Amino acid sequence: MTTAHFTAFIDHTYWGLDKLFDALEPLTDDELDREVMAGAMPARHILLHMYRFEVGWLARLNGDDLPPPEEFADVASLRSAWEPVQQGWRDYVAGLSEEELEASFTVSFGSESFSPARHQAISQFVQHQGQHRSELAVIASTFGRSPGEFDWWDYLHDRGLTPV
């Protein structure tokens with residue numbers, strides 16, 4: 001994998017997230033906080049988990065301390081707070097050489113540490129967010145607010161990169 005691949009995957013991730021925000025912003029607080037799927041958190045919790053995951057892993061990759069958890073009044077304020085995080089991921093990946101992409105870094109969770117390659121952490125970010133985008137799409141659809149397709153081909157078509 002190259003930084004160009006990861007740049008495209010991250011753009012796809014945020015393209016899908018924008019579609020989700022468009023679908024979720026009109027939901028009521030009750031709908032955002034309702035458990036509608038067995039084994040899945042309510043939409044608000046999933047969004048906060050995704051946001052905190054991105055903030056935390058970006059801090060780890062940059063060698064920064066983890067920031068304290070934030071709370072948000074509504075989906076619109078979370079969406080606004082997410083914009084600089086998205087840019088941070090885009091800038092981080094764009095600034096990596098191919099050698100840096102392969103290099104490992106140390107991650108600590110309490111007393112446990114491990115040293116994945118940077119590309120593995122970025123892959124985890126992309127895949128993790130994809131899982132939760134799927135859950136959120138089901139939740140939004142339950143309330144009649146389907147975000148539409150997240151397929152790679154739809155993304156490429158939407159970006160004018162391939163005919164569909």
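Student: Why is T3 called buried?

Tutor: Buried means under 20% relative accessible area, exposed over 50%, and partly exposed in between, using a 1.4 Å probe and protein chains only. T3 has a relative accessible area of 14%, so T3 is buried. Please keep in mind that this is a predicted model, in which local features need pLDDT of at least 70 and side-chain atom pairs count only at pLDDT 80 or more, while totals for chains, interfaces and linings use all residues. Residues are numbered from 1 along each chain as its sequence is written, and side-chain values use heavy atoms, with hydrogens and water left out.

Student: What makes the link between the side chains of T3 and E98 a polar contact?

Tutor: The side chains are joined at 3.2 Å. A polar contact is a pair of N or O atoms within 3.5 Å; within protein, one must be able to donate a hydrogen and the other to accept it, and residues adjacent in sequence count only if both atoms are side-chain atoms. E98 is also among the residues that T3 touches, together with V93, L96, S97 and L101, leaving aside residues up to four places away in sequence; contact means heavy atoms within 4.5 Å.

Student: How many aromatic pairs are there by the ring rule?

Tutor: The count comes to 13 aromatic pairs. Rings of Phe, Tyr and Trp (its six-membered ring) pair if their centres lie within 6.5 Å; planes under 30 degrees apart count as stacked, over 60 as edge-to-face and the rest as tilted. One of the pairs is F21 with W82, 5.5 Å centre to centre with 80° between the planes, which is edge-to-face. This pair links distant parts of the chain, 61 residues apart: F21 is in helix α1 and W82 in helix α4 (residues 75–94). Helices (H or I, at least four residues) and strands (E, at least two) are DSSP runs, numbered from the N terminus.

Student: Are F21 and W82 buried or exposed?

Tutor: F21 has a relative accessible area of 0%, so F21 is buried. W82 also comes out at 0%, and is therefore buried.

Student: Why is the pair of F53 and W57 called tilted?

Tutor: The ring centres are 6.4 Å apart and the planes are at 45°, so the pair is tilted. F53 and W57 both lie in helix α3 (residues 43–62), four residues apart, about one turn of the helix.

Student: What makes R60 a charge over the ring of W57?

Tutor: The charged end of R60 sits 5.0 Å from the ring centre of W57. The rule asks for NZ of Lys or CZ of Arg within 6 Å of the ring centre and within 35 degrees of the ring normal.
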